[in-house]
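Colleague: I am new to this structure. Please show me how to read it, feature by feature.

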Amino acid sequence: EFLAVERPIENTARSMAAVVFTDIVDSTKRAESMGDRRWAALLNVHDETANDVLARHDGRLVKSTGDGVLGMLAGPGRAIRAAEDLRAKLQQLDIQIRCGIHTGEVELRRDDVAGIAVHIASRAMSAALPGEIIVTSTVRDLVAGSGIALSDRGSHELKGVDGTWHLYSVEPSRSA
């Protein structure tokens with residue numbers, strides 16, 4: 001009976017992707033000190049820079065989160081390089097960010113993405129220190145042999161996600 005039962009094929013739009021979340025460090029404090037108009041102008045520059053950097057790495061800006069961005073790229077190595085590039089470009093503009101990266105299947109929803117992989121990337125970002133790029137063990141496994149150096153940040157419980165997750169910090173690249 002198990003073999004004879006025909007199961008319908010799911011008709012959902014899912015795709016494997018490297019998900020990048022960023023957050024501007026101390027954004028509320030900075031917004032307060034700058035005032036709404038200057039802060040909005042800074043956010044516009046931030047978002048344009050993120051869009052340009054992600055596109056240069058064959059990724060896309062999915063959306064602005066107000067004080068950060070959600071981006072999607074085809075692979076974790078590209079996502080790490082894009083995050084490093086974005087961090088450097090924004091530092092030149094006196095904007096410090098933290099990043100989180102996870103790779104997994106995402107639900108494609110018109111111009112947005114959803115799914116547990118998106119939540120995991122967001123939670124990894126929350127574990128990052130200012131200026132740090134944090135990746136999950138999934139990303140670490142997928143970039144093995146790429147020359148990307150990672151430092152062990154230990155096991156973490158990610159809010160709302162079952163189990164513990166091993167996280168790693170991206171070491172500065174030698175070419176930087």
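Colleague: What should the 17 residues of helix α3 (residues 76–92) span at 1.5 Å a residue, and how far apart are its end C-alpha atoms?

Modeller: First, the source. This is a predicted model, where local features need pLDDT of at least 70 and side-chain atom pairs count only at pLDDT 80 or more, while totals for chains, interfaces and linings use all residues. Residues are numbered from 1 along each chain as its sequence is written, and side-chain values use heavy atoms, with hydrogens and water left out. Now the rule: the expected span of a helix is 1.5 Å times one less than its number of residues. Helix α3 should therefore span 24 Å, and its end C-alpha atoms are 24 Å apart, which agrees.

Colleague: Which residues of α3 are buried?

Modeller: Buried means under 20% relative accessible area, exposed over 50%, partly exposed in between (1.4 Å probe, protein chains only). An α-helix has 3.6 residues a turn, so residues three or four places apart point the same way. In α3 the buried residues include P76, A79, I80, A83, R87 and L90. Just after α3, D94 takes a positive phi of about 65°.

Colleague: Where is H46 found, and what does H46 touch?

Modeller: H46 is found in helix α2 (residues 36–56). Its relative accessibility is 0%, so H46 counts as buried. Contact means heavy atoms within 4.5 Å. Leaving out residues up to four places away in sequence, H46 touches T22, I24, G68, V69, L90, I95 and I97.

Colleague: What do the buried residues of α4 pack against?

Modeller: Helix α4 covers residues 116–126, and its buried residues include A117, V118, I120 and M125. They pack against β1 (14–24), β3 (69–73), β4 (97–109), β5 (112–114), β6 (133–136) and β8 (164–170).

Colleague: How many helices and strands are there in the chain?

Modeller: Helices (H or I, at least four residues) and strands (E, at least two) are DSSP runs, numbered from the N terminus. The chain has five helices and eight strands. Their order from the N terminus is β-α-α-β-β-α-β-β-α-β-α-β-β.
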